[in-house]
Amino acid sequence: MADAHGTTLPAGGRAAAGHDAHAAGGGGQPHPRLQHHFYSMDQQLEASILGMWIFLVTEIMFFGGLFMAYIAYRTMYPDAWAAGSQHLNVWLGGANTLVLICSSLTMALAVRSAQVGSRRGQIVNLILTIVFGTTFLVVKYFEYAEKFEHHLVPGPTFDPALPAAQQLFFALYFIMTGVHAAHMVVGVALMAVILVMAWKGRFGPDYYGPVEVSGLYWHFVDIVWIFLFPLLYLLGFHLGH
Amino acid sequence: MSTTHHITPVRTYVAVFVALAAFTVVTAAVAYRDFGFLNTTIALGIAVGKATLVVWYFMGVRYNTPLTRVVVVSGLFWLLILFALGMSDYLTRPWMGVPGR
């Protein structure tokens with residue numbers, strides 16, 4: 001597209017002749033998705049990506065506070081941490097890690113499909129991403145249910161036979177994985193919106209910013225889990241045998 | 001006119017996916033054994049490696065503008081400030097007799 005300074009505007013074109021900003025579209029016609037405050041589709045995409053990353057930095061700091069609490073309490077109660085970790089199911093946690101990695105692959109492929117203009121590829125990969133994301137949440141539901149049954153939820157019902165410091169571990173477990181799961185729910189809803197837009201054929205090689213930017217969010221949530229899995233599940237794995 | 005759109009080949013994405021899955025299996029297998037104080041170092045090292053792959057390839061930071069990269073790195077830098085200053089507090093509290101503790 002980027003044949004800048006296209007000069008032949010059709011009569012009645014929205015952009016005035018000589019107004020560089022909108023002369024960059026193919027054939028001198030501005031792309032219908034180009035917002036008027038951007039010079040080109042490339043600049044618009046770069047601005048979107050930059051903006052999303054600034055949001056993700058705030059998310060890093062949001063989760064960072066929880067990781068800070070994790071580090072501080074773990075250094076205070078290392079034994080309670082290792083023992084608490086043994087109550088978590090490494091196989092379910094590991095399976096969920098693989099599920100999220102699969103979802104990140106299909107997400108990346110969905111963005112790629114938009115870049116090469118494959119509507120079918122976008123739809124298939126976005127549906128797969130939603131399916132993997134939902135699978136993760138269903139597995140998480142069964143894990144949580146098991147914790148409730150085994151009296152591992154902090155509060156009055158917490159197993160009195162366990163040391164009190166383990167309540168701290170499980171409090172952080174539920175807060176960190178819970179906030180992560182909330183992000184997953186938001187991500188799945190986001191993908192549903194993008195799927196509808198892709199279904200309508202909204203995206204293509206010239207315009208795929210929304211798919212790319214939503215993908216950044218999805219991958220970020222995957223990265224949070226990449227750290228949660230070893231820090232919560234694998235911590236006491238070597239003690240169990 | 002600034003950037004051409006880079007389209008990563010499917011093969012690259014699949015290779016990254018295989019690496020991420022392999023790292024997941026490795027980190028679980030390694031955690032099954034006890035390496036003493038190295039346990040957390042190994043686990044976090046693998047996690048950082050996986051996160052780097054996701055950021056660099058899946059999130060496409062390798063094709064992003066320098067400005068975007070600065071933002072990404074600044075986020076990690078501020079996270080390290082949080083951890084460093086936070087722990088310099090908690091780890092040094094026992095050094096002095098703090099009233100009430």
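Me: At what angle do helix 1 and helix 2 of chain B pack, and how far apart are their axes?

Reply: Two packed helices are described by the angle between their axes and by the distance between those axes. In this predicted model, helix 1 of chain B covers residues 10-31 and helix 2 of chain B covers residues 38-58; the angle is about 170° and the axes are 10 Å apart. Angles over 145 degrees count as roughly antiparallel, and helix 1 and helix 2 of chain B are therefore roughly antiparallel to each other.

Me: Which residues of helix 1 of chain B meet helix 2 of chain B?

Reply: From helix 1 of chain B come B:Thr12, B:Val16, B:Ala19, B:Leu20, B:Phe23, B:Val26, B:Thr27, B:Val30 and B:Ala31.

Me: How many residues of chain B are in contact with chain A?

Reply: The size of an interface is often given as the accessible area lost when the parts come together. Here residue counts are given instead: 42 residues of chain B are in contact with 40 residues of chain A. On the chain B side, the elements giving two or more residues are helix 1, helix 2 and helix 3 (66-90). Helix 3 of chain B gives the most, with 13 residues. The side of chain B that touches chain A is made up of 26 nonpolar, 13 polar and 3 charged residues.

Me: What ipTM does the predictor give the complex?

Reply: The complex has an ipTM of 0.91, along with a pTM of 0.88. For the chains, the average pLDDT is 89 in chain A, where 88% of the residues score at least 70. Residues 1-26 of chain A have a pLDDT below 50, and this stretch has 38 contacts in the model beyond near neighbours in sequence. Chain B averages a pLDDT of 90, with 93% of its residues at 70 or above.

Me: How many helices and strands does chain A have?

Reply: Chain A has 6 helices and 0 strands, and its pattern along the sequence is α-α-α-α-α-α. Of the 241 residues in chain A, 41% are buried. Among the contacts in chain A with a separation of 6 or more, 69% join residues 24 or more positions apart.

Me: Is A:His219 buried or exposed?

Reply: A residue counts as buried if 20 or more other C-beta atoms lie within 10 Å of its own. A:His219 has 24 C-beta neighbours inside 10 Å, so this residue is buried. A:His219 is found in helix 6 (residues 209-234) of chain A. Leaving aside neighbours within four places in sequence, A:His219 is in contact with A:Ser104 and A:Met107, and also with B:Val54, B:Phe58 and B:Met59. In sequence, A:His219 and A:Ala108 are 111 residues apart; in space, 8.7 Å lie between their C-alpha atoms.

Me: What does B:Val10 touch?

Reply: Not counting residues up to four places away in sequence, B:Val10 touches A:Leu109 and A:Arg112. B:Val10 lies in helix 1 of chain B and counts as partly exposed, with 15 C-beta neighbours inside 10 Å. B:Val10 and B:Gly97 are 87 residues apart in sequence and 60 Å apart in space, C-alpha to C-alpha.

Me: Is B:Leu38 buried or exposed?

Reply: B:Leu38 is exposed, because 11 other C-beta atoms lie within 10 Å. B:Leu38 is found in helix 2 of chain B. From B:Leu38 to B:Leu80 there are 42 residues in sequence and 20 Å in space, C-alpha to C-alpha.

Me: Where does A:His151 lie?

Reply: A:His151 lies in the loop between helix 4 (119-149) and helix 5 (165-199) of chain A. Although A:His151 is not a glycine, this residue has a positive phi of about 55°. With 13 C-beta neighbours inside 10 Å, A:His151 counts as partly exposed.

Note on methods. Residues numbered from 1 in each chain as written. Chains lettered and ligands numbered in written order. Predicted model: local features only at pLDDT ≥ 70, side-chain atom pairs only at ≥ 80, totals over all residues. Axes fitted to C-alpha atoms, helices over the stretch in contact; angles between N-to-C directions. Helix = DSSP H or I, 4+ residues; strand = E, 2+ residues; numbered from the N terminus. Parallel < 35°, antiparallel > 145°, perpendicular 65-115°, else oblique. Contact = placed C-beta atoms within 7 Å. Nonpolar A, V, L, I, M, F, W, Y, C, P; charged D, E, K, R; others polar. Buried ≥ 20, exposed ≤ 12 C-beta atoms within 10 Å, placed from the backbone. pLDDT = per-residue confidence, 0-100.
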